[in-house]
Amino acid sequence: MKTSPGAKFREALKNNSPLQEGPLQIVGTINAYTAMMAEQIGHQAIYISGAACANMSYGLPDLGMTMLNDVVEDARRITAATELPLMVDIDTGWGGAFNIARTIKEMIRADVAAVHIEDQVAQKRCGHRPNKAIVSQEEMVDRIKAAVDARDDESFFIMARTDAYAVDGLNAAVDRINACIEAGADGVFAEAMSSLDQYQVFKEKIPAPLLANMTEFGKSPLFSKQELASAGVDMILYPLTAVRAMNKAAELVYKTLLTEGDQNNVVDMMQTREELYQYLNYHDYEQKLDALFEQGKS
């Protein structure tokens with residue numbers, strides 16, 4: 001019997017606990033090819049960031065402007081190309097209880113392993129930007145209840161993300177998350193923490209796996225895997241790390257072509273044709289094609 005994506009995610013989380021080799025590192029991938037690279041390099045879990053989907057697939061800012069169909073299309077392409085469990089950012093669930101239920105069912109249908117749903121208002125902002133607004137604790141709990149009720153695969157992992165720390169403080173965020181866990185959330189995403197002590201407080205006061213978001217240029221310092229393990233963190237998310245690096249490389253290439261008239265000075269920073277072929281198993285496809293042509297000649 002095939003192992004479900006959710007079961008794969010839970011197994012990776014179990015095998016990478018802070019007491020073993022963990023925390024589990026979850027790396028952002030924006031398309032099928034980067035997901036394939038992450039898998040072949042040795043990562044055990046991957047991620048689609050809401051910001052990455054909006055920015056890279058649609059040229060939009062991360063302000064709640066993409067919807068379920070936009071994100072699930074990226075998810076389908078990735079899960080078709082890799083066996084790694086995929087976590088997806090579903091923002092606020094894209095509507096009320098029925099919309100959230102549809103989101104969960106579509107994610108499971110797309111072979112997604114896990115999602116996180118947040119407590120910002122529908123007109124959301126990046127979690128590391130000012131002037132965030134959150135819904136009431138009761139409304140966030142209702143979001144979790146709708147998500148949990150909708151899943152038809154018990155292994156599918158539903159994470160509650162809270163932005164309450166920046167709005168109401170640490171204790172309010174802990175209370176909110178515990179209410180979400182009581183409603184059935186499997187894990188906790190505490191956004192924009194600013195110290196290891198804060199992660200440790202969360203871990204001590206919640207009975208669920210804890211995720212730390214190590215996004216660059218935000219409110220949270222870029223703590224090491226070892227530092228976060230010492231604070232009891234179970235998962236580390238790197239949502240845009242590769243995307244930012246790719247964007248900077250592309251920017252340099254475009255500028256170089258315009259100013260120098262050729263790409264000779266940036267060739268050394270490029271992935272070679274052969275490296276590309278290795279990740280894609282290109283030669284296996286080519287050999288299969290040759291074999292088919294040979295059969296046709298006989």
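I will call a residue buried when its relative accessible area is under 20%, exposed when that area is over 50%, and partly exposed in between, using a 1.4 Å probe and protein chains only. This is a predicted model, so local features need pLDDT of at least 70 and side-chain atom pairs count only at pLDDT 80 or more, while totals for chains, interfaces and linings use all residues. Residues are numbered from 1 along each chain as its sequence is written, and side-chain values use heavy atoms, with hydrogens and water left out.

Now the charged pairs. Side chains of opposite charge can pair when their charged atoms come close. The rule I use for a salt bridge is a side-chain nitrogen of Lys or Arg within 4 Å of a carboxyl oxygen of Asp or Glu. How many salt bridges does this rule give? The count is 16.

I start with Asp-119 and Arg-176, which form a salt bridge with their closest N and O atoms 3.3 Å apart. Asp-119 sits in the loop between β4 (114-118) and α6 (137-150), and Arg-176 in helix α8 (residues 170-182), so this pair ties together parts that are 57 residues apart in sequence. Helices here are DSSP runs of H or I with at least four residues, strands are runs of E with at least two, and both are numbered from the N terminus. Are Asp-119 and Arg-176 buried or exposed? Both are buried.

Next, helix α11 (residues 241-260). Lys-248 and Glu-251 lie 3 residues apart in that helix, a separation of about one helical turn. Their side chains meet in a salt bridge at 3.0 Å, N to O. Lys-248 is exposed at 56% relative accessible area, whereas Glu-251 is partly exposed at 32%.

Last, the cysteines. A disulfide is a covalent bond between the sulfur atoms of two cysteines. The search criterion is a pair of cysteine sulfur atoms within 2.5 Å, and over the whole structure it finds 0 disulfides. Cys-53 is buried, at 0% relative accessibility, and Cys-180 is buried at 1%.
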